[in-house]
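Thanks for coming, everyone. Please take a look at the screen, and then I will walk you through what is there.

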Amino acid sequence: MVASLFSELIKSTVSPYEEMLAYEYLYSDSSATLKKIFPGKTVGLGKTPSEVLEEESGLLDLRESDRYKEVQETIDHKLGTFDVIVNGTPSWPMSLKDSARPVPVLYYKGSVSLLDRPSISVVGSRKASQKGKELAAKIASQLSEHGVSVVTGMARGIDAAATEAALEYKVGAIGVIGTPVDEVYPRENIDLFNRLIECEGLIVSQVPFYKYQHQPFNTKRFYFPERNELMAAISNATIIVEASDTSGTLTQARACEHQGRPLFITRHACSDPSVTWPSKWLKKPNVFDIDDAMDVLDMLGPIEHWGGGFSV
């Protein structure tokens with residue numbers, strides 16, 4: 001009991017700033033990726049980024065290196081424009097404690113308390129049909145009316161339509177992005193980003209500032225599949241409104257399967273003769289076809305009983 005209390009006391013004294021710098025430095029290595037490096041080095045072993053940095057320093061203090069100083073300068077120029085939470089500390093959201101792909105650090109803007117509220121991802125194609133966008137808006141409105149936060153990737157098409165609809169309510173929408181938390185992509189959605197924060201919403205990212213600035217442009221696309229994995233972890237469930245057979249949205253379907261989150265596919269998507277993925281996914285456990293969000297809410301039951309990951 002005493003040891004447990006001491007452990008919690010140590011965790012409560014963790015410096016978000018120092019952990020962020022250590023995370024950014026570890027990630028700055030050209031071979032580092034979130035999936036390959038951090039689950040095995042940090043949270044996967046119950047360690048914070050600063051503890052890993054300390055171990056890798058050996059006799060040399062990596063904090064005195066030129067690269068660490070460059071990382072620190074990059075971060076210091078951005079301080080005051082975002083906040084950060086660290087895995088393993090009391091501030092870490094309950095909703096992410098059972099994540100199958102835990103991350104060491106999350107950057108955010110807005111109301112981080114939304115991460116501990118009921119939420120559902122509404123996702124789909126960037127090149128969405130008009131019917132798909134209308135359905136996404138309807139689903140987001142239904143969820144918001146029932147007090148459920150809508151989670152999107154803030155992309156064009158389905159994401160933008162769902163976010164627009166959710167902002168009409170006072171529930172608080174969540175945007176999970178595949179760029180650093182201070183960057184808007186696509187640029188056309190800058191008004192949507194700003195209104196989301198103004199409406200007491202939340203923007204979340206796990207993308208490091210320093211590496212993003214220095215890596216080749218064509219490698220930045222790899223952050224988007226990781227973004228979908230984070231969306232699946234944050235959300236109690238995911239609804240795919242419309243998607244092609246090659247859509248990045250299917251990354252989130254796989255993440256739901258891996259993380260034990262229910263996956264819902266609209267019958268609109270299932271009836272599209274140009275795609276084959278819905279019929280394959282509907283043969284899997286915990287995957288369902290639905291007309292709209294009311295079907296989802298009926299299947300998941302009373303919102304106050306929702307947990308992080310569960311089966312229907």
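Start with helix H6, residues 130–145. H6 has 16 residues and spans 23 Å from its first C-alpha to its last, close to the 22 Å expected at 1.5 Å a residue. The expected span is 1.5 Å times one less than the number of residues.

Before we go on, a word on the source. This is a predicted model, in which local features need pLDDT of at least 70 and side-chain atom pairs count only at pLDDT 80 or more, while totals for chains, interfaces and linings use all residues. Residues are numbered from 1 along each chain as its sequence is written, and side-chain values use heavy atoms, with hydrogens and water left out.

Back to H6. Which residues of H6 are buried? They are Gly132, Leu135, Ala136, Ile139, Ala140, Ser141, Gln142, Leu143 and Ser144. Buried means under 20% relative accessible area, exposed means over 50%, and partly exposed is in between, using a 1.4 Å probe and protein chains only. An α-helix has 3.6 residues a turn, so residues three or four places apart point the same way. Just after H6 comes Gly147, with a positive phi of about 80°.

Two strands pair if DSSP finds at least two bridges between them.

Next, strand E3. Six of its six residues are buried, so E3 is largely enclosed by the rest of the structure. In a regular strand the side chains alternate between the two faces of the sheet. On E3, Ser119, Ser121 and Val123 are buried on one side, and Ile120, Val122 and Gly124 are buried on the other.

What does E3 pair with? E3 and E4 run parallel, over three bridges, and Ile120 stands opposite Val150 in E4. E3 and E7 are also parallel, over five bridges, with Ser121 opposite Thr238 in E7. H6 comes back here: E3, H6 and E4 make a right-handed β-α-β unit. Right-handed means that, with the strands pointing away from the viewer, the path from the first strand over the helix to the second runs clockwise.

On to E4, E5 and E6. Two bridges join E4 (149–152) to E5 (174–176), and these strands run parallel. Thr152 has Gly175 in E5 as its bridge partner. E5 and E6 are parallel too, joined by three bridges, and Val176 stands opposite Val204 in E6. The chain gets from E5 to E6 through helix H8 (190–198), in another β-α-β crossover that is right-handed. E2 and E6 pair in the antiparallel sense, over four bridges. There, Lys109 has Ile203 in E6 as its bridge partner.

Last topic: charges. How many salt bridges does a search of the whole structure find? Eleven. A salt bridge is a side-chain nitrogen of Lys or Arg within 4 Å of a carboxyl oxygen of Asp or Glu.

Take Asp182 and Lys78, which meet at 2.7 Å, N to O. Asp182 sits in the loop between E5 and H8, and Lys78 in the loop between H5 (66–76) and E1, so the pair ties together parts 104 residues apart in sequence. Asp182 is partly exposed, at 27%, whereas Lys78 is buried, at 16%.

Then Arg156 and Glu188, whose closest N and O atoms are 2.9 Å apart. Arg156 is in the loop between E4 and H7 and Glu188 in the loop between E5 and H8, so this pair ties together parts 32 residues apart in sequence. Arg156 is partly exposed, at 34%, and Glu188 is exposed, at 52%. Finally, Arg267, Asp289, Asp291 and Asp295 form one network, through salt bridges that share partners.
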